[in-house]
Amino acid sequence: MTVGDLGEFGLIAAITAQLPRGGRTVVGVGDDAAVLATPDGRVVATMDLLVEARHFRRDWSAPADIGGKAAARNLADVAAMGATPVALLVGLAAPGDLPVAWAQGFVSGMAAECARTGATVVGGDVSSADAIMLAVTALGDLAGREPVTRAGARPGDLLAVAGVLGHAAAGLALLGAGLAEPAALVTAYRWPRPPYHAGPEAAALGATSMIDVSDGLVADVGHVAQASGVLIDIDTARLEPGDDLLAAAARLGASGPAGPAERSRPAERAESAGQGGGPARALVWMLTGGEDHALAATFPPGATLPARWQVIGRVTEGQGVSVNGRPFRGRPGWDHFI
């Protein structure tokens with residue numbers, strides 16, 4: 001059966017039957033709009049778009065993977081403000097011949113990822129389109145905390161990261177080369193697992209700025225540096241590629257297919273990082289690969305951080321991002337229009 005066979009309202013009914021109701025939902029799916037309880041009095045809101053063949057491929061990712069990824073990339077933005085994710089609004093446009101089973105699998109993945117944070121899907125819309133397009137809005141609760149923005153980093157602060165770096169980029173490069181191992185990296189690309197709880201934790205620890213690493217560490221830390229009017233230096237001695245990243249770099253080889261974030265002067269970027277050979281490729285993934293949705297934050301000097309936060313650099317006077325004290329050359333991460 002296809003979504004065209006079900007029709008708009010039949011599809012909505014099939015989707016909503018899979019979705020649990022959240023504890024903060026006053027009015028959920030089925031009315032003109034949802035109503036949520038907001039004890040804090042403020043709402044954190046963000047939205048993102050995913051377009052088939054641009055953000056995902058159905059031959060590379062299962063429906064649940066795509067749903068999980070669509071949820072993760074939005075929920076991570078809420079966490080990056082120091083908030084707890086509460087709800088999603090989901091717009092789905094799809095061809096009429098899309099199997100209903102695909103839509104149900106997509107929703108199951110989205111619901112599973114929401115369950116990791118206690119969030120729920122409270123509404124949305126469906127429409128027809130020539131390709132699958134997703135528009136997801138995430139809402140969050142600050143629970144009385146002040147939002148952690150990109151604009152608060154100060155000279156002397158420490159730069160730290162929670163979550164993995166480079167795994168999704170390596171997984172994408174492996175898929176592009178027709179490879180499926182190391183499987184953990186391919187899985188990381190298909191369905192990232194952001195460290196949601198690290199966001200509110202960082203806020204409680206006094207983080208001065210924070211960002212979701214969605215486009216690449218250098219690119220996203222650059223947004224923090226620009227908003228804060230500072231220079232942020234990344235120390236690659238503190239970025240140790242794990243066995244999977246090194247194995248992927250070895251399998252692909254120095255001249256293997258590059259992922260989207262690698263296609264601009266990779267040799268120069270490896271030189272900037274002070275590395276060569278296979279480990280250089282792994283390090284480039286860590287510096288410029290996106291879609292892992294790690295959290296990068298700055299903390300006051302001397303801050304005592306839990307184990308999940310790894311200090312990887314520092315904030316100084318100046319402007320922009322440097323790597324090992326040198327300007328970073330080449331493309332710092334993903335840009336849709338480059």
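Two strands pair, in what follows, if DSSP finds at least two bridges between them. Helices (H or I, at least four residues) and strands (E, at least two) are DSSP runs, numbered from the N terminus.

This is a predicted model, in which local features need pLDDT of at least 70 and side-chain atom pairs count only at pLDDT 80 or more, while totals for chains, interfaces and linings use all residues. Residues are numbered from 1 along each chain as its sequence is written, and side-chain values use heavy atoms, with hydrogens and water left out.

I will start with the sheet. It is open, has 7 strands with mixed pairing, and runs in the order β8-β10-β7-β11-β9-β12-β13. At the edges are β8 (209-213) and β13 (326-327), each with a single partner strand, so one side of each has no neighbour in the sheet.

Now to β10, residues 294-299. How many of the residues of β10 are buried? The count is 6 of 6, where buried means under 20% relative accessible area, exposed over 50%, and partly exposed in between, with a 1.4 Å probe and protein chains only. In a regular strand, side chains alternate between the two faces of the sheet. Here Ala294, Ala296 and Thr298 point one way from β10, and Leu295, Ala297 and Phe299 point the other way.

On one side, β10 pairs with β8 in the antiparallel sense over 5 bridges, and Ile211 stands opposite Ala296. β7 also pairs with β10 in the antiparallel sense, over 5 bridges, with Thr298 as the bridge partner of Leu159. By contrast, β9 (residues 231-234) and β12 pair in the parallel sense over 4 bridges. Leu231 stands opposite Gly320 in β12.

Is Glu317 buried or exposed? It is exposed, with a relative accessible area of 65%. Not counting residues up to four places away in sequence, Glu317 touches Pro155 and Leu231; contact means heavy atoms within 4.5 Å.

Next, the helices. Helix α7 (residues 217-228) lies across β7 (158-162), β8, β9, β10, β11 and β12, at about 150° to β8. Axes are lines fitted to C-alpha atoms, for helices over the stretch in contact, and angles run from 0 to 180 degrees between N-to-C directions.

In helix α5 (residues 183-190), the buried residues are Leu185, Val186, Ala188 and Tyr189. Seen down the axis of α5, they fall within an arc of 155°, so they line one face of the helix. The arc is that of the directions from the helix axis to the C-beta atoms. Their cover includes α2 (63-79), α4 (167-176) and α8 (243-252).

The axes of α4 and α5 come within 7 Å and cross at roughly 105°. That makes α4 roughly perpendicular to α5, a label used for 65 to 115 degrees; under 35 counts as roughly parallel, over 145 as roughly antiparallel, and the rest as oblique. Residues in this contact include Leu172 of α4 and Val186 of α5.

Last, the cores. A nonpolar core is a set of buried Ala, Val, Leu, Ile, Met, Phe, Trp, Tyr and Cys residues joined through side-chain atoms within 4.5 Å. The largest has 52 residues, of which Leu88, Phe106, Met110, Ile132, Leu134, Phe299 and Trp309 touch the most other members. Apart from it lies another core, of 42 residues, including Leu172, Val186, Leu283 and Val321.
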